[in-house]
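I wanted to look up a few side-chain pairings and jot down what came out.

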Amino acid sequence: MTTVSKQQLAAEGVNLEQKCSVQSEQQAQETDFENLIDMNIFDQLLDMDDEEDHEFSFNIVNNYFEQAVETFKNMDEALDKRDLPELSRLGHFLKGSSAAIGLKQVQATCEKIQHIGNCQDEQIGNKLNEKDALKKLTQILPRVKQEYIDAEQYLKSFYEQDTR
């Protein structure tokens with residue numbers, strides 16, 4: 001199984017240092033995974049697998065990992081360029097991919113990125129100026145990356161246990 005670690009994210013150019021505190025594996029395992037993964041959606045994905053293995057869902061999840069790494073890299077580049085419409089588009093894209101496999105924390109945070117990239121305050125619906133939107137996005141990108149890492153660790157553990 002090919003998985004993406006925080007080191008690989010960094011090697012791909014994903015900036016994890018931006019105020020991103022990386023949890024240890026033990027802390028990540030203590031995370032309430034019911035808040036991380038929508039098990040109803042993930043179970044629906046698993047229902048599409050053959051009875052003998054989880055190859056189908058495994059491939060979908062691995063494709064998601066690849067997409068997410070590339071999307072985070074593109075988000076960092078868009079933030080560096082102060083390209084709010086691109087950040088909104090990328091947030092929307094990753095929101096949909098995350099929803100498809102049940103990563104509800106990543107999905108929710110990507111929806112916020114989508115709205116903030118459109119200069120909309122995600123909580124009260126007010127318009128944001130570009131400076132405030134960029135400030136919020138600078139703060140929220142490390143959070144979504146950590147949520148992704150937590151989900152990746154959970155899914156990696158699930159598929160590793162499945163092969164034993």
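I started with Tyr159, which counts as buried because its relative accessibility is 3% (buried is under 20% relative accessible area, exposed over 50%, partly exposed in between, with a 1.4 Å probe and protein chains only). Before going on, I noted that this is a predicted model, where local features need pLDDT of at least 70, side-chain atom pairs count only at pLDDT 80 or more, and totals for chains, interfaces and linings use all residues. Residues are numbered from 1 along each chain as its sequence is written, and side-chain values use heavy atoms, with hydrogens and water left out.

Next I checked the ring of Phe58 against that of Tyr159: the centres are 5.5 Å apart and the planes sit at 70 degrees, so I logged the pair as edge-to-face. My cut-offs for Phe, Tyr and Trp (its six-membered ring) were centres within 6.5 Å, with planes under 30 degrees apart stacked, over 60 edge-to-face and the rest tilted. Phe58 is in helix α5 (residues 55–80) and Tyr159 in helix α8, 101 residues apart, so I have the pair down as a link between distant parts of the chain. Helices here are DSSP runs (H or I, at least four residues), numbered from the N terminus. Phe58 itself is partly exposed, at 21% relative accessibility.

I then found that ring pairs join Phe42, Phe58, Phe158 and Tyr159 in a cluster. Phe42 is buried, at 0% relative accessibility. Searching the whole structure gave me 8 aromatic pairs.

**Salt bridges**

How many salt bridges does the structure hold? I counted 5, taking a side-chain nitrogen of Lys or Arg within 4 Å of a carboxyl oxygen of Asp or Glu.

One of them joins the side chains of Lys145 and Asp76, at 2.7 Å from N to O. Lys145 is in helix α8 and Asp76 in helix α5, so this pair ties together parts 69 residues apart in sequence. I checked burial too: Lys145 is buried at 0% relative accessibility, and Asp76 is buried at 6%.

I also looked at Glu86 and Arg89, whose side chains meet in a salt bridge of 2.8 Å, N to O. They are 3 residues apart in helix α6, so about one helical turn separates them. Glu86 is partly exposed at 24%, and Arg89 is partly exposed at 45%.

Arg143 is partly exposed at 39%, whereas Glu147 is buried at 10%.

Key: Helix = DSSP H or I, 4+ residues; strand = E, 2+ residues; numbered from the N terminus.
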